Every structure is written in C-alpha cells, then in structure tokens.
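Work through the exercises below with the sequence and the structure at hand. Each task is followed by a solution in steps.

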Amino acid sequence: PSLAGPPHQCTCLNRTSRSCLEGGANLLGHPRKVSRFSTGCSEKHIFHLLPANKCVLPPASLGAVFGMTTCVSAEVRDAPDDPLNFFIGGCTSGVLLGAKTHSAMTGTSACLGLGTLAFFIKVGKMEGWKLSGPPKL
C-alpha cells in the first residue's frame with residue numbers, strides 16, 4: 001500500500017511510521033543541530049547525537065502514538081473517516097504527555113486540548129474550512 005493514499009488504505013504500521021517521521025522531522029532540521037553533524041562522524045562527534053535525540057524523540061513518539069491510536073480506532077470502529085478517531089488519537093497523545101511529566105492535570109488538559117485540536121482539524125478538512133483566504137490585491 002502507498003503512504004500517499006487516504007488513511008483507511010494504509011496499514012497501521014505504515015501510518016504510524018509516517019506520523020512518527022513527521023513528528024520528529026520538525027526539530028531534526030534545526031540549523032544548530034544539523035551543523036554539528038556536518039563535520040563528519042568521528043568518535044567525538046557521536047556525543048552530539050544525544051542532545052538532538054532528546055529533542056526529536058518526544059514529538060516523534062507523540063506522532064507515533066497518535067497515528068497508531070487513530071488507525072486502530074478506525075479499524076475497530078469500522079469508521080475510517082470519522083473525526084472521533086482523531087480525537088481519540090490526540091487524547092491518547094495527551095495522556096502520554098501526562099505520563100511523561102507524572103502529572104494527571106497535564107495529561108487531562110493535554111488530552112482535551114490535543115484531542116479537540118485533532119478533531120477540528122479533521123472536520124475542517126472534511127468540510128473545506130479555510131483559515132485564511134487568498135491575498136487581496
């Protein structure tokens with residue numbers, strides 16, 4: 001199956017790996033971190049991987065949890081384009097943040113915030129909502 005197709009045509013493993021890569025790609029391209037890698041891969045430069053790894057793993061893991069939960073929810077509920085699947089995925093990612101910080105309040109608020117955001121993004125894409133129009137000249 002192609003990764004470019006709709007979510008219901010992908011396997012859960014493909015979708016999870018795609019969202020994991022998209023979640024971690026934001027911080028991987030940071031100029032300060034990339035400049036550390038451009039000098040070569042000697043033993044002294046391998047220690048620069050650790051700070052970049054700390055920045056990339058949390059968003060990548062949130063993306064993986066979101067993708068896997070959304071996909072499994074769509075398969076279990078047999079409703080691939082339902083926005084509730086995206087709410088469940090966002091909420092699960094928020095719970096992961098709460099577990100990482102050892103805070104129930106953080107987990108609850110992140111669950112509601114990320115779940116609601118994912119829900120409205122999916123509804124907006126389904127209904128063709130525009131946040132900004134073309135520039136007026």
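The exercises that follow concern a predicted model.

**Exercise 1. Helix 4 and its span**

Task: Find how many residues helix 4 has, and set its reach against the expected span.

Solution. 
- Step 1. Helix 4 covers residues 83–101, and its length is 19 residues.
- Step 2. His-102 follows helix 4 and has a positive phi, near 55 degrees.

**Exercise 2. Ser-93**

Task: State whether Ser-93 is buried or exposed, and list the residues that Ser-93 touches beyond four places in sequence.

Solution. 
- Step 1. Ser-93 is placed in helix 4.
- Step 2. Buried means under 20% relative accessible area. Ser-93 has 4%, so Ser-93 is buried.
- Step 3. Leaving out residues up to four places away in sequence, the contacts of Ser-93 are Leu-62, Val-65, Phe-66 and Leu-114.
- Step 4. Ser-93 belongs to the buried residues of helix 4, which also include Pro-83, Asn-85, Phe-86 and Gly-89.

**Exercise 3. The disulfide**

Task: Identify the cysteines that a disulfide joins, and decide whether the disulfide is left-handed or right-handed.

Solution. 
- Step 1. The count of disulfides comes to one.
- Step 2. Cys-91 and Cys-111 are joined, with an S to S distance of 1.7 Å. A pair counts when the sulfur atoms lie within 2.5 Å.
- Step 3. The torsion about the S-S bond is about -60 degrees, so the disulfide is left-handed.
- Step 4. Cys-91 sits in helix 4 and Cys-111 in helix 5, and the pair links distant parts of the chain, 20 residues apart.
- Step 5. Cys-91 is buried at 16% relative accessibility, and Cys-111 is buried at 10%.

**Exercise 4. The salt bridges**

Task: Say how many salt bridges there are, and describe the partners of Arg-77 and Lys-122.

Solution. 
- Step 1. There are two salt bridges by the rule used.
- Step 2. Arg-77 pairs with Asp-82, and their closest N and O atoms are 2.7 Å apart.
- Step 3. Arg-77 is partly exposed, with 35% relative accessible area, and Asp-82 is partly exposed at 23%.
- Step 4. Lys-122 pairs with Asp-81 at 4.0 Å, N to O. Lys-122 lies in helix 5 (residues 104–127) and Asp-81 in the loop between helix 3 (49–77) and helix 4, so this pair ties together parts that are 41 residues apart in sequence.
- Step 5. Lys-122 counts as buried at 14% relative accessibility, whereas Asp-81 is partly exposed at 38%.

**Exercise 5. The nonpolar patch**

Task: Name the residues that form a nonpolar patch on the surface, and find which helix gives the most to the patch.

Solution. 
- Step 1. The patch is formed by Leu-97, Leu-114, Leu-117 and Ile-121.
- Step 2. Together these residues have about 310 Å² of accessible area.
- Step 3. Helix 5 gives the most, with three residues.
- Step 4. Leu-97 lies in helix 4.
- Step 5. A residue needs over 30% relative accessible area to be part of a patch. Leu-97 has 32% and counts as partly exposed.
- Step 6. Leu-114, a member of the patch, is also one of the residues that Ser-93 touches.

Technical notes. Residues are numbered from 1 along each chain as its sequence is written. This is a predicted model: local features need pLDDT of at least 70, side-chain atom pairs count only at pLDDT 80 or more; totals for chains, interfaces and linings use all residues. Side-chain values use heavy atoms; hydrogens and water are left out. Helices (H or I, at least four residues) and strands (E, at least two) are DSSP runs, numbered from the N terminus. Buried means under 20% relative accessible area, exposed over 50%, partly exposed in between (1.4 Å probe, protein chains only). Contact means heavy atoms within 4.5 Å. A salt bridge is a side-chain nitrogen of Lys or Arg within 4 Å of a carboxyl oxygen of Asp or Glu. Patches are made of residues with over 30% relative accessible area and no salt bridge: like charges are joined within 9 Å, nonpolar side chains (Val, Leu, Ile, Met, Phe, Trp, Tyr) within 5 Å. Accessible areas come from the Shrake-Rupley method with a 1.4 Å probe; for residues, only the protein chains shown count as cover. The expected span of a helix is 1.5 Å times one less than its number of residues.
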